[in-house]
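Trainee: I would like to learn how to read the sheets and cores of a model. Could we go through one together?

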Amino acid sequence: MTKISPTLQDIQSVEPLTALQKGMLFHALADGQGSYVEQLCVRLDRMPDRAALSRAWTRAMADVEVLRSAFLPEQKPEPLRVVFRETPLHIRWIEDLPTLMQDDPEAAWQVFCQQDLAEGFKLRKPPLMRVAVARLSETDVRMLWSFHHLLLDGWSVPLLVQRIFAEYELSLIHI
């Protein structure tokens, strides 16, 4: 198992897990890598502005500390959550998904989503999320946000997505 060795300046806080997080962590470790990996797919009508979308995600990560978290399951007597001051998120931009499976971009998208899901996450290494934006056609673009359920509950996900798209729209306005 790879150890993270951040400096004290890299760490914002170290906290115990909530009871719900402890339960999820226990099951995630027992069931294997794919357990508790969530995926949210958003359909877009065109490719978003790369810089604006990157700024929106960066701002969300700066403001929402759980998005910068890693988990240390082997700590005794209790597992811990480590919140980092900064955690980079690299958005994967896929312009040529239709060419991956000649005439069936939807099938190519489904294969991509399954591969992404199988990738899982290393709980000790933030971010425990990733974003990919793929063009299936000129009018069909998908954004896939994969994240470990330890980060967010079902109530928080739509609020965060709404915030990211509001931030995206605001960053397109040039004053």
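This is a predicted model: local features need pLDDT of at least 70, side-chain atom pairs count only at pLDDT 80 or more; totals for chains, interfaces and linings use all residues.

Trainee: How many bridges do S5 and S6 share, and in which sense do they pair?

Mentor: Strands (E, at least two residues) and helices (H or I, at least four) are DSSP runs numbered from the N terminus. Two strands pair if DSSP finds at least two bridges between them. Here S5 and S6 (residues 129-137) have four bridges and are parallel.

Trainee: What is the strand order of the open sheet with mixed pairing?

Mentor: The order is S2-S7-S6-S5, four strands in an open sheet. S2 (37-44) and S5 (91-94) are its edge strands, each pairing on one side only. On average, neighbouring strands in this sheet are turned by 15° against each other, direction ignored. Axes are lines fitted to C-alpha atoms, for helices over the stretch in contact, and angles run from 0 to 180 degrees between N-to-C directions.

Trainee: Which strands does helix H5 touch?

Mentor: Contact means heavy atoms within 4.5 Å. H5 (residues 156-172) packs on the sheet and touches S2 and S7 (140-148), with its direction at about 130° to that of S7.

Trainee: What is the order of the three-stranded sheet?

Mentor: That open sheet is antiparallel and runs S1-S4-S3. Its edge strands are S1 (11-16) and S3 (69-72). S3 and S4 (residues 80-84) are joined by four bridges, and in S4 the bridge partner of Ala-70 is Val-82.

Trainee: Which residues of the largest nonpolar core touch the most other members?

Mentor: In soluble globular proteins, nonpolar side chains tend to be buried together. A nonpolar core is a set of buried Ala, Val, Leu, Ile, Met, Phe, Trp, Tyr and Cys residues joined through side-chain atoms within 4.5 Å; buried means under 20% relative accessible area (1.4 Å probe, protein chains only). Of the 37 residues in the largest core, Trp-57, Leu-67, Met-129, Trp-145, Leu-151 and Leu-152 touch the most other members. Helix H2 gives the largest share, six residues.

Methods: Residues are numbered from 1 along each chain as its sequence is written. Side-chain values use heavy atoms; hydrogens and water are left out. Buried means under 20% relative accessible area, exposed over 50%, partly exposed in between (1.4 Å probe, protein chains only).
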